[in-house]
Amino acid sequence: MATKVKTTNSPPWADESKKRKSSLWILKKGKDSVRIEKSQVNHGDFYIQKDKDRKLTINSLQARLTFHQLIELGYKLQK
């Protein structure tokens, strides 16, 4: 059985109209924080890091899915 992913909240890097120059987004839930950063070397890749753990490299699809999962878990995007 396939599960549906709600895409009501698009990732901030997917919104072309805002033309944000930022390549770093932080999601917070209480004391926990997750950083998603766009790679400057490989333009299709992203780095993800929770608190002070090691930084992982993921592709754009994984970044989008991770962003939606974090939102569903109660994380809020910092402005």
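Modeller: In helix 1, the buried residues are Ala63, Phe67, His68 and Leu70. Here buried means under 20% relative accessible area and exposed means over 50%, with partly exposed in between (1.4 Å probe, protein chains only). An α-helix has 3.6 residues a turn, so residues three or four places apart point the same way. Leu61, Gln69 and Glu72 are exposed, on the face of helix 1 turned away from the buried side.

The model is predicted, so local features need pLDDT of at least 70 and side-chain atom pairs count only at pLDDT 80 or more, whereas totals for chains, interfaces and linings use all residues. Residues are numbered from 1 along each chain as its sequence is written, and side-chain values use heavy atoms, with hydrogens and water left out.

Helices (H or I, at least four residues) and strands (E, at least two) are DSSP runs numbered from the N terminus. The 13 residues of helix 1 should span 18 Å at 1.5 Å a residue, and the 19 Å between its end C-alpha atoms agrees with this; the expected span is 1.5 Å times one less than the number of residues. At the N-terminal end, Asn59 caps helix 1, with a side-chain oxygen 3.2 Å from the backbone nitrogen of Leu61. Just after helix 1, Gly74 has a positive phi of about 105°.

The cover over the buried residues of helix 1 includes strand 1, strand 2, strand 3, strand 4 (56-59) and strand 5 (76-77). An open sheet of five strands has the order 4-3-2-1-5 with antiparallel pairing, where two strands pair if DSSP finds at least two bridges between them. Strand 4 and strand 5 are at the edges with a single partner strand each, so one side of each has no neighbour in the sheet.

The largest nonpolar core has twelve residues, among them Ala63, Phe67 and Leu70. Such a core is a set of buried Ala, Val, Leu, Ile, Met, Phe, Trp, Tyr and Cys residues joined through side-chain atoms within 4.5 Å. Helix 1 (60-72), strand 1 (24-29), strand 2 (32-38) and strand 3 each supply at least two of its residues, and helix 1 gives the most, with three. Ile36 stands opposite Ile48 in strand 3. Beyond four places in sequence, the contacts of Ile36 (heavy atoms within 4.5 Å) include Phe67, Trp25 and Phe46.

Notes. Polar contact = N/O pair within 3.5 Å; in protein donor to acceptor, adjacent residues only side chain to side chain.
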